[in-house]
Amino acid sequence: MLALPCFNPTGPVRYSGPVPAPEPSRPRSTTTDTRARTPGSRPPRAAASGDPSSFFRSLFINTAPRPRRRSTALALSASLLLLVALTGLPSAANANMTEVCVKAAVGHPDTLGDCPFSQRVLLTLEEKKVPYEMKLIDVSNKPDWFLKINPEGKVPVFNGGDGKWIADSDVITQVIEEKYPTPSLVTPPEYASVGSKIFSTFVTFLKSKDASDGSEKALVDELQALEEHLKAHGPYINGANVSAADLSLAPKLFHLQVALEHFKGWKVPETLTSVHAYTEALFSRESFVKTKPTKENLIAGWAPKVNP
């Protein structure tokens with residue numbers, strides 16, 4: 001007699017009877033389920049006694065991506081892009097783009113104009129290497145969309161990518177400085193007003209028809225004050241590095257040089273050597289060359305003011 005162990009929850013039990021003869025092995029059924037299926041119906045579940053791999057394969061049949069769904073998504077995407085193109089709505093690619101509206105040249109709406117305040121903003125963006133989209137505004141024929149975002153109709157106006165339009169070059173440049181602090185263009189408070197009266201005295205002298213009204217002397221006095229500051233603190237207003245005060249003054253000095261020479265045959269006195277070196281350094285900067293108006297457009301912009 002042969003005793004075989006088996007497991008029982010209550011403990012091992014020994015079998016002392018005769019060992020039964022093993023049953024003959026039965027060949028595995030290879031019959032395939034050929035029942036008809038309708039498109040999209042779930043495949044028949046594998047029998048518990050069949051090949052288990054067929055059950056797992058059935059789990060993945062309906063999880064594969066369907067070409068119909070993918071083609072539908074592609075069609076919807078194409079339709080959305082077409083809608084954006086037709087309606088002019090901003091796409092996600094440029095939704096956060098910095099935008100600035102500046103003056104277009106007189107008689108040339110597709111060319112950058114002569115506004116020194118617009119150039120100041122452009123100079124600030126260029127010095128900080130901020131990508132931006134420039135929108136030229138024909139101030140003699142302002143578009144409706146521009147008046148909606150800026151009812152006063154003045155340039156420049158600025159949108160930092162958040163959809164809020166800001167006017168006034170003083171405010172705009174402060175916002176840019178706060179948003180993009182590197183490189184810093186902050187001017188120390190004690191130097192912030194250097195050269196601040198030059199532009200107004202230039203305009204008075206430019207429009208003056210009386211050679212004895214003192215407007216020329218007032219301008220020379222302001223330029224002399226700039227000369228003394230540059231000798232003591234130059235080459236720029238805040239020393240070795242360009243600051244916001246320089247970017248504000250540079251376009252105004254360019255207008256001064258071009259307009260006074262054209263309309264009055266007047267030039268900055270040669271004795272003001274530091275002023276001459278200062279303007280040459282500013283006007284040769286890449287940012288200035290890229291954003292300055294042509295002399296012809298600058299003269300055309302001043303002509304109606306000088307000879308109304």
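Which helices each supply at least two residues of the lining of the second largest pocket? They are α3, α5 (169-179) and α8. Let us take a walk around these helices.

## Before we start

This is a predicted model, in which local features need pLDDT of at least 70 and side-chain atom pairs count only at pLDDT 80 or more, while totals for chains, interfaces and linings use all residues. Residues are numbered from 1 along each chain as its sequence is written, and side-chain values use heavy atoms, leaving out hydrogens and water. Helices (H or I, at least four residues) and strands (E, at least two) are DSSP runs, numbered from the N terminus.

## How α3 meets α8

Two packed helices are described by the angle between their axes and the distance between the axes. Here, axes are lines fitted to C-alpha atoms, for helices over the stretch in contact, and angles run from 0 to 180 degrees between N-to-C directions. Helix α3 (residues 116-127) packs against helix α8 (residues 244-264) at about 135°, and their axes are 8 Å apart. The two are therefore oblique to each other; angles under 35 degrees count as roughly parallel, over 145 as roughly antiparallel, 65 to 115 as roughly perpendicular, and the rest as oblique.

Contact means heavy atoms within 4.5 Å. On the α3 side, P116, F117, Q119, R120, L123, T124 and E127 take part, and they meet L247, S248, P251, K252 and H255 of α8. By class, the residues of this contact are five nonpolar, four polar and three charged. In this scheme Ala, Val, Leu, Ile, Met, Phe, Trp, Tyr, Cys and Pro count as nonpolar, Asp, Glu, Lys and Arg as charged, and the others, Gly among them, as polar.

## How α3 meets α5

With α5, the axis of α3 comes within 10 Å and crosses at roughly 5°. That makes α3 roughly parallel to α5. From α3, the contact uses F117, R120, V121, T124 and L125, and from α5 it uses S169, D170, I172, T173 and I176. These residues divide into five nonpolar, three polar and two charged.

## A pocket and a cavity

On a 1 Å grid over the protein atoms alone, a cavity is a set of points where a 1.4 Å probe fits but cannot get out, and a pocket is an open set with protein on both sides within 12 Å along at least five of seven lines; lining residues have an atom within 4 Å of a point. Grid points are joined across faces, edges and corners, and a volume is the space filled by probe spheres set on the points.

The second largest pocket has a volume of about 480 Å³. Of its 19 lining residues, R120, T187, A192, A244 and A245 lie nearest its centre. Helix α8 gives the largest share of this lining, six residues.

A search of the whole structure finds one cavity of 30 Å³ or more. The largest cavity holds about 40 Å³ of space, and its lining includes K103, D114, S118 and T291. Its largest share, three residues, comes from α3.

## Details in the loops

A cis peptide bond joins V155 and P156, with omega about 5°; P156 sits in the loop between α4 (144-149) and β6 (157-159). The bond from G234 to P235 is also cis, with omega near 15°, and P235 is in the loop between α7 (215-233) and α8.
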